[in-house]
Amino acid sequence: MSGSLPLFSEQLKEAARFLREGNDFLVVSHVSPDGDAISSTLALGEILTQLGKRYTLINESGNPAKFAFLAGDRVILNDAEEPEVSFSQVVTVDCADYARLGRVRDRIAEETPLLNIDHHPTNDAFGTVALLRPDAAATAEVLYALIEELGLTWNRDLATFIYTGLLTDTGGFRYSNTTSGVMKIASKLLDEGVPANTLAERLLERLTFTQVRLLQRGLSTLALSPDGKIAWVSITHSDIEELGATSDDLDNLVSYPRNIEGVELGILFKETKPGIFKVSLRSNGEVNVAQLAQAFGGGGHVRASGCSIPGTLDEVVARVLEEAGKAWA
Ligand code: AMP
């Protein structure tokens, strides 16, 4: 995160002012949105509704089927929809850098005021106003503080959105970002009637048949480095096409190499477009995978990061393993 940001309390005031003073917002999250991105987008919609503002919710690919039940009748556009939608301010949620907005960037004029709300340590503080907290478990945790700052009223939906961001970005309250602060917030949100069991079941447990087939395919590629510290799996574009899957169907695949006894670094190579590999990196603590991803123009967190690399599978695997090897050098 870039050098000298104002105190978080000052950032909160600035962000609250930005929302109160604007009238018509475009709320954008990152490409291939995850639970925190979608629930933060929906939470922003609820915040702006309470503030009496107009807004449009969007990300490059829209709302993945998995999160449709969360949105109810709220619409998250994909970039092909409603090309003429007008707005005078932008809010980005969960985007570590401007490129993460994907094609939605083409809708945004350079001079448009932009509020950047995020928790990634690699966030470069793009935009006009930044609300950044690298020690927050999820962007939803940052939004919790913003909702309190704005003095808004909690309701079941708003609480559910914030809880969902916490739930998914902490891997079901298991990762090292599960702080006492996260649990205190979750506890307050449960008091607002969050359906915790339904959320855990639908977002963490349930798999489609296609997802299990993809898991089967991915696990058949499992490989281990000679020292046993790096394990990886891969999925090719033709696997995805053949099984009628989408890249969202691969969410949990990387946890298998990461969870192997003795493995420090788990990697998933998925060919999202022919010749382009999205690389998901997961560390058990020894390796800073945010740095590793940044070496390939990506980013993320110390223990979970990602990047995209062009090449054949063999080339991409070789490049990542060579760079990863330096982490132990
Ligand atoms: P993923 O492997 O897609 O689950 O991503 C793990 C973490 O890294 C998430 O916090 C992502 O937001 C972040 N991340 C993934 N890909 C990129 C990228 N190309 N640039 C910046 N951050 C990324």
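**Sheet.** I began with the strand order and found six strands in an open sheet, running β7-β8-β9-β10-β12-β11, with mixed pairing. The edges are β7 (223-224) and β11 (299-300); each has a single partner strand, so one side of each has no neighbour in the sheet. I note that the model I am reading is a predicted one.

I then looked at β10 (residues 276-283) and β12 (residues 304-310), which run antiparallel and are joined by seven bridges.

Next I asked which strands helix α12 (residues 313-326) lies across. I found β8 (230-235), β9 (265-273), β10 and β12. Against β9, I read an angle of about 150° for α12.

**Domains.** I looked up the division of the protein chain: domain 1 covers 8-204 and domain 2 covers 210-328. Their C-alpha centres lie 26 Å apart.

**Interface.** I checked what the two domains share. Eight residues of domain 1 are in contact with nine residues of domain 2. The area buried between domain 1 and domain 2 is about 700 Å², with 50% of it on carbon and sulfur atoms. On the domain 1 side, I found that Pro 121, Thr 122 and Ser 176 lose the most area to domain 2, together 45% of what that side buries.

**Polar terms.** How many salt bridges are there between domain 1 and domain 2? I counted zero. For polar contact between domain 1 and domain 2, I noted two residue pairs, both at pLDDT 80 or more.

Note on methods:
Residues numbered from 1 in each chain as written. Predicted model: local features only at pLDDT ≥ 70, side-chain atom pairs only at ≥ 80, totals over all residues. Heavy atoms only, no water. Pairing = 2+ DSSP bridges. Helix = DSSP H or I, 4+ residues; strand = E, 2+ residues; numbered from the N terminus. Contact = heavy atoms within 4.5 Å. Axes fitted to C-alpha atoms, helices over the stretch in contact; angles between N-to-C directions. Domains from an automatic or database assignment. Buried area = accessible area lost by both parts, 1.4 Å probe. Salt bridge = Lys/Arg side-chain N within 4 Å of Asp/Glu carboxyl O. Polar contact = N/O pair within 3.5 Å; in protein donor to acceptor, adjacent residues only side chain to side chain.
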